[in-house]
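Please look over the sequence and the model below before reading on.

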Amino acid sequence: MTKALRLRRLSRPRDDRYLFVPLDHSVSDGPVVPRDRWHELIDSVVVGGADAIIVHKGRVRTIDPAVLAGCALVVHLSAGTAHAADTNAKVIVGEVDEALRLGADAVSVHVNIGSDTEERQLADFGVVAKACDEWNVPLIAMVYPRGPRITDPDDPALLAHVVNIAVDLGADIVKTNLARPTQRMTDVIASCPIPVLVAGGPATGGSVVDHARTAMGVGCAGLAVGRRVFTAPAPMSLVAELASIVHDDTEADLVRAMTGVVASS
């Protein structure tokens, strides 16, 4: 399969906009939901209209492949925990060919620019990017200004730098912070030749729906929202509402019609 075909699977309406739901937090922070709610959460995210879920390789084995018929699978290759001496450090814990054997449509890596281990993380990024080219697998780079040398992680000039690091090292899609002030995110996007997604924002940062409208309004190609989805009282409804914002109501109508989900107004 070509990389172009795999990239198309990452956007359900094929509009080059993306709503990803990362569920890889079980490595960094602990279980996202109790065991008996895991399958329900996956169903809610997929039926709600997410374009892709992001999980670690072992967690893929707990997901019924049939559930992902209309939703892409991204295997995350980076790891680190909240208990480490350096919580900004990330190491590679999987390989691209492993992800392919598990049925992945894409892989993702995490790099913290400004961390004490930035050099190693950039080197790992390069190794993964080379393997992605060899296997025709899309690479999603989660690149953040994060570490002891970073004073303002939402600085537009700094974000423009980090997203272009992702471009130069071989990513196909990059995820980072939303700039502050938010209107300056247009400068970040204008600097970057690949799609720019933003994270869901801090749990105490106000409405994630408003955050999504702001991000799409300044030209982002989508969102990657994890914690604020799996901690929501009604994940399916929230995902459906976010999908309607990311893809515009017209584009999202098809997914909602197929799933029977109605986004809240």
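Is F20 buried or exposed? F20 is buried, with a relative accessible area of 1%, where buried means under 20% relative accessible area, exposed over 50% and partly exposed in between, using a 1.4 Å probe and protein chains only. This is a predicted model, in which local features need pLDDT of at least 70 and side-chain atom pairs count only at pLDDT 80 or more, while totals for chains, interfaces and linings use all residues. Residues are numbered from 1 along each chain as its sequence is written, and side-chain values use heavy atoms, with hydrogens and water left out.

**Aromatic rings**

- The structure holds one aromatic pair, and its partners are Y18 and F20, whose ring centres are 5.7 Å apart with planes at 55 degrees, so the pair is tilted.
- Rings of Phe, Tyr and Trp (its six-membered ring) pair if their centres lie within 6.5 Å, with planes under 30 degrees apart counted as stacked, over 60 as edge-to-face and the rest as tilted.
- Y18 is also buried, at a relative accessible area of 5%.

**Charges over rings, and R59**

- The charged end of R59 sits over the ring of W38, 5.3 Å from its centre, and that of R146 sits over the ring of Y144, 4.3 Å from its centre; the criterion is NZ of Lys or CZ of Arg within 6 Å of the ring centre and within 35 degrees of the ring normal.
- R59 lies in helix 4 and, at 33% relative accessibility, counts as partly exposed.
- Leaving aside residues up to four places away in sequence, R59 touches S26 and W38, contact meaning heavy atoms within 4.5 Å.
- The C-alpha atoms of R59 and L23 are separated by 9.3 Å, although these residues are 36 apart along the chain.

**Helix 3**

- In helix 3 (residues 38–48), the buried residues are W38, L41, I42, S44, V45, V46 and G48; helices (H or I, at least four residues) and strands (E, at least two) are DSSP runs, numbered from the N terminus.
- The cover over these buried residues includes strand 1 (18–22), strand 2 (52–55), helix 4 (57–60), helix 10 (227–230) and helix 11.
- G49 follows helix 3 and has a positive phi, near 115 degrees.

**Helices 9 and 11**

- Helix 9 (residues 208–217) and helix 11 (residues 235–246) pack at an angle of about 15 degrees, with their axes 9 Å apart.
- That makes helix 9 roughly parallel to helix 11, a term for angles under 35 degrees.
- The contact is made by V208, V209, A212, R213 and M216 of helix 9 and by L238, E241, L242, I245 and V246 of helix 11.

How values were computed. Axes fitted to C-alpha atoms, helices over the stretch in contact; angles between N-to-C directions. Parallel < 35°, antiparallel > 145°, perpendicular 65-115°, else oblique.
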